[in-house]
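Please look over the structure shown below before reading the notes that come after it.

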Amino acid sequence: MKRTMIKNLSQMKGEEIIIKGWADTVRAQGKMAFFDFRDVSGKVQGVVFGKPEVLEVAKKISAEDVVEVKGVVNERNDKTAKEAIEEFKKTGVKDFFVKDVEIEITEIKVLAKSEIPFSLDEDLNLDVYLDNMPFTLKNPKQSAVFKVQAKIIQKFREYLNQNDFTEFMAPKIVGDDAEGGAGVYEVEYFGNKAGLATSPQLYKQIMVGVLERVFTVGQAFRAEKHSTSRHLNEYTSLDFEMGFIDSYKDVMKMHNGLLKYIIDEVQKEMQTELEEYGVEKILAPEEFPVMSLPEAQELLEREFEGVKAVGEPDLEPEHERLLCQYAKENLGSDFIFITHYPVSKRPFYTFKSKDMDGMTDSFDLLFKGVEITSGGQRIHDYDELVQSMKDKGLDPEKFSFYLQAFKTGIPPHGGIGLGVERLTQKILGLDNVKKATLFPREINRIDTLLNK
Ligand code: ATP
Ligand code: MG
């Protein structure tokens, strides 16, 4: 008999089936045994009653044993079942726990025994959660985060493919660093020094000269010693770069369309997971609000008492939070673009504004209180690019490989880099980016704590 996924059991009333999964909870009492079984698609209740040989096996099963269960699908008529059906009629959202049927068990096989350190649904502090990740990730509320993340990446690819972008793989072992080198992990490379890429930036730009529109999904590494709720030492960067633009506004428009698509699709296809986290409708309008940095700083001082922002070269995390609060309450958007950051605060490849002295045609996208994206137009003129490197104290000689592209024809172009963990964190309303990261690398931890 073929395996049935638990989420499909509601359509199989009266039939004999086999499910495979984990014994989520186990309660054996006298002549009966009750279980909740779980597979990746859902949870369901199972009962053994009046079958001594099955009961004997059932009584030996403990939580998280991997099992194969044969049985008959019966309709449930109790209060919980009725409530679940009513709830589904009202919201249209399917519960992970399939409550309208149960399995009358006729046979159980144990495929693998398990010994668990604590109950899966205990409330855990972050370190205990991280220390035990191969186990704690099994909690459907945790794994939901990574189902949502996978969906975000899928939709990112989908939208860009639909818009004539080509995916490429950027190398992660690199020579000199685009952002100036401060945050690079050094790698010993056969007697030479190399580094781990802080972004795919230079390769994206080279590829614009080849394929016009490109995107890439991959790890980026930051050797930064911070310990905040928004920083990781290894994160997954979603990047695109597009050629033949008229200005940075074309890049913002593409990015706006991309994020609206991702948010709409995730809200449509991941209702069960979003509901686990009580996510309210995310406001992703056709056109996200846009403000220049100086405008945003003036607004901050005007709208929020005691805030000092005007004249600063960048926004503080608190400013980003307040601007998002303002956009949500007054502009109907959970997103807001801030444009025109000063030359001093942006990497050497950033296009300098023609109309705002000392500023760049760059932007950040803020979402629910934090920066999730940086982007902008890039310099495409060879001489200007070389000068800009020198102004930032970089040695053009060390970037000759990259600079070749600009001698051999690069169109006006621009693009973005988006951290998928921050986006996932903010969609689900998690308080720490590490909770939206599989196996987060942080200052004190590579899987296990380092100072042990
Ligand atoms: P921040 O100012 O918040 O430290 P950044 O400006 O240094 O971020 P960028 O270099 O602009 O980051 O990277 C683009 C995007 O990549 C960020 O908006 C963010 O989503 C993500 N990102 C960058 N660094 C990190 C990090 N250390 N941990 C998690 N995500 C990151
Ligand atoms: Mg940035």
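The briefing that follows covers a pocket, a helix and a metal site.

The model is predicted. Its second largest pocket holds about 590 Å³ of space, and this pocket lies between domain 1 (6-112) and domain 2 (133-449), because both domains give residues to its lining.

**The second largest pocket**

- The lining of the second largest pocket is made up of 30 residues, and those that lie nearest its centre are L120, D121, N139, K141 and Q142.
- Two or more lining residues come from each of the elements β1 (16-29), α3 (126-131) and α5 (140-162), and of the elements that contribute, α5 gives the most, with 4 residues.
- Sorted by class, the lining of the second largest pocket comprises 13 nonpolar residues, 11 charged residues and 6 polar residues.

**Helix α2**

- Helix α2 runs over residues 79-91, and its 13 residues should span 18 Å at 1.5 Å a residue, which agrees with the 18 Å that separates its end C-alpha atoms.
- Directly after α2 comes G92, a residue whose phi is positive, near 75°.

**The magnesium site**

- The magnesium ion (ligand 2) is coordinated by E371, through OE, and by S374, through OG, at 2.2 to 2.3 Å.

Terms used:
Residues numbered from 1 in each chain as written. Chains lettered and ligands numbered in written order. Predicted model: local features only at pLDDT ≥ 70, side-chain atom pairs only at ≥ 80, totals over all residues. Heavy atoms only, no water. 1 Å grid on protein atoms, 1.4 Å probe; cavity = no way out; pocket = protein on both sides within 12 Å on 5 of 7 lines; lining within 4 Å. Points joined across faces, edges and corners; volume = space filled by probe spheres on them. Nonpolar A, V, L, I, M, F, W, Y, C, P; charged D, E, K, R; others polar. Domains from an automatic or database assignment. Expected span 1.5 Å × (residues − 1). Donors = N, O, S within 2.8 Å, 3.2 Å for Na, K, Ca; no water.
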